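Biologist: Can you walk me through this one? I'd like to start with a helix, then move to the strands.

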Amino acid sequence: MDVAMMRLALAQAQLAYDMEEVPVGAVIHRQGQVIAQAHNRREIDSDPTAHAEILALKQAAAELGSWRLDGCEIVVTLEPCPMCAGALVNARIPRLVYGARDPKMGCVDSLHQLCTDMRFNHRLIVKADVLAEDCGQILKDFFRARRAR
């Protein structure tokens, strides 16, 4: 299930790539039923909060009619940043699956461990490195092409 959902998230990342956005994609599902899919839209929307995770959380909350996303899982191609990791905790998502690690901004495992911090009233189960090579490669390709311009 994790690999299948990550492939959907990678398809979202490709949409972002094609729109010249940083290629990050996210999928939220409940027991395999996709509830939300999104990709980065910061440039298009001129919105610093338009990360794939935030957009997917908003879609899922609207779909379910609740900010509490109990029973849902999020699958994202890149380790969430501090804003997104905090939003996942606040949305009460029980489980996060991510692909590539982010040594510069990742706040799930790399720089901080916001999703599993015992001081918070909610913590997530985290599974890292699902299709990590594929998730990292699309980012490398994107930034290589950007530098070549």
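Modeller: Helix α5 covers residues 132–148, and its end C-alpha atoms are 24 Å apart; that agrees with the 24 Å its 17 residues should span at 1.5 Å a residue. The expected span is 1.5 Å times one less than the number of residues. Helices (H or I, at least four residues) and strands (E, at least two) are DSSP runs, numbered from the N terminus.

Biologist: What kind of model is this?

Modeller: This is a predicted model: local features need pLDDT of at least 70, side-chain atom pairs count only at pLDDT 80 or more, and totals for chains, interfaces and linings use all residues. Residues are numbered from 1 along each chain as its sequence is written, and side-chain values use heavy atoms, leaving out hydrogens and water.

Biologist: Which residues in α5 are buried?

Modeller: Cys135, Gly136, Ile138, Leu139 and Phe142. Buried means under 20% relative accessible area, exposed over 50%, partly exposed in between (1.4 Å probe, protein chains only).

Biologist: What do they pack against?

Modeller: α1 (2–18), β3 (73–78) and β4 (95–100). Contact means heavy atoms within 4.5 Å.

Biologist: On to β1. Which strand does it form a hairpin with?

Modeller: β2, with two residues between them. The two pair antiparallel over six bridges. Pairing needs at least two DSSP bridges. Val27 stands opposite Gln37 in β2.
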